[in-house]
Structure formats: structure tokens, C-alpha cells
Amino acid sequence: MFAAIYILYLLLCLPITVRACVGINEVQSSVRASVSMLMLDADFDGVIERRRGVLSLSLSPRYTKNRRPKGSMPKLRIQTLQAARPFVRAVLDTAQWQTLQLRLRLGLEEAWSTAVAAGSVRALVLALLAGLRHVPPCDIHVDADFRAPCLVMTAHCVFSVRAGDVMLAVLRTAARKAKRQRRQEIRIPSKARQAPAHAAES
């Protein structure tokens, strides 16, 4: 029993290295990621799609010709990045960053909207980086293209996390989210009780 607990503790403390590359060119996109721990490696391919006004990320394992299974593997789909943002932020906050590069060229139909969009994206990226810890010097370039509408982006990052830190970050974020929901549920009935009392006095 003690040996099993010790092995589990070692596994939770082992670093997991993640290498991710994202490329977007107009309506086409590609995502490549590799996860490695000790001598184990897992590679994934995916795409970023826009369905019904919501961005979705689809990932599937990458196989060689000799290892490809007969049936199709299930894909990981994140239907809304908004719901997963607090958990992703908490996990990335515990990461040890090694490389972070971003190249983005953005162009819209009008010059003023292009300038506003490029400035907003640049400010958003800098704000996200300022909120993270252990971030090395980054290579960030966001350029506005006033010639024609376009969207070209390449991003590359390498970071490492520990499985135990990821589990704690997810549990803490879930607990905070549950507390906020309870507070909202408590406030709503109290406001509903006060409304009839004010109506009776008037």
C-alpha cells in the first residue's frame, strides 16, 4: 500500500512537457500538439472551427500507418472556449514556460476597424501574459494589414506542468465557481422576497 502511494506521488510530481503549434490562414486552420512524460509521447492533430458563432477545437490522436486503428478514434471537442477559459487560465498559471511565439497579421474591410481590432488583440495578449507567472521573454508580433481583409496567424509554445499542480488548479477553480453559483442562488431569492414587500408598502 505504501509503495502504491509513493508511486502515485512520484507520478503527480513528474513534469509533463507540452509542445503546441497553431496555424491559421483565412478560413483554414491546423493545430499540432505533443505531450511527453518520461519515455511516453502522444501526438495530436486538430482544427479550429467556427460553428453557429462559437469557436470549437477538435483534436484527435496522430498515428503512423502501421499503428492506425481500423475504427475511427473519438475526438476531443471544446464547444465553447468561454466556459473552459477559467480552467485553462488556472492550469497555464502553474506552467513553466520555455518558448512562446506569436505572429498575427489581421486585416478587415475598413482601415479604422483594422486598426482597432489589431490594437485590441495586442492588448488582450499582453494582458493575458501579464496575469501569468513564469513566462519567459516572448516573441509577440501583431500587425495590421490595410491592403485587404486577411487573417494569418502562427503560434508556437513549449511549456511544462506537473500533474499534481494541474489537478489542484482544476479543483480550486471548480470550487470557486461553485461558491459563486451558490452566492448568486442565495441573492436571487432574497431579492424576490423584498420585491413583494416594497410593492405592498406602495
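These notebook entries record what I looked up in one predicted model.

**Ground rules.** I number residues from 1 along each chain as its sequence is written, and I leave hydrogens and water out, using heavy atoms for side-chain values.

**Overall make-up.** I looked up the secondary structure of the protein chain and found four helices and eight strands. Helices (H or I, at least four residues) and strands (E, at least two) are DSSP runs, numbered from the N terminus. Along the sequence, I read the order as α-β-β-β-β-β-α-β-α-β-β-α.

I then checked burial, where buried means under 20% relative accessible area, exposed over 50%, and partly exposed in between (1.4 Å probe, protein chains only). Of the 202 residues in the protein chain, 22% are buried. The accessible surface of the chain is about 15,100 Å², and carbon and sulfur atoms account for 61% of that surface. These areas come from the Shrake-Rupley method with a 1.4 Å probe; for residues, only the protein chains shown count as cover.

For contacts (heavy atoms within 4.5 Å), I took pairs of residues at least 6 apart in sequence; 61% of these contacts join residues at least 24 apart.

**Strand β1 and its partners.** I followed β1 (residues 15–25) on both pairings, counting two strands as paired if DSSP finds at least two bridges between them. Strand β8 (residues 150–162) runs antiparallel to β1 and is joined to it by 11 bridges; within this pairing, I16 has V161 as its bridge partner. Strand β2 (residues 28–37) also runs antiparallel to β1, with nine bridges, and here V18 stands opposite V35. I noted that β1 and β2 form a hairpin with two residues between them, and that E26 in the turn has a positive phi of about 60 degrees.

**Aromatic pair.** I searched for rings of Phe, Tyr and Trp (its six-membered ring) with centres within 6.5 Å, calling planes under 30 degrees apart stacked, over 60 edge-to-face and the rest tilted. The search gave one aromatic pair. I found both W97 and F159 buried.

**T114.** I located T114 in helix α3 (residues 111–130). T114 is buried, with a relative accessible area of 1%. Its side chain reaches the backbone nitrogen of L108 at 2.8 Å. Not counting residues up to four places away in sequence, T114 touches L106, G107, L108, A144, D145 and F146.

**A148.** I placed A148 in the loop between β7 (139–144) and β8. A148 is partly exposed, at 37% relative accessible area. Its C-alpha atom is separated by 6.9 Å from that of L108, 40 residues apart along the chain.

**Cysteines.** My count is zero disulfides.

Key:
This is a predicted model: local features need pLDDT of at least 70, side-chain atom pairs count only at pLDDT 80 or more; totals for chains, interfaces and linings use all residues. A disulfide is a pair of cysteine sulfur atoms within 2.5 Å. A polar contact is a pair of N or O atoms within 3.5 Å; within protein, one must be able to donate a hydrogen and the other to accept it, and residues adjacent in sequence count only if both atoms are side-chain atoms.
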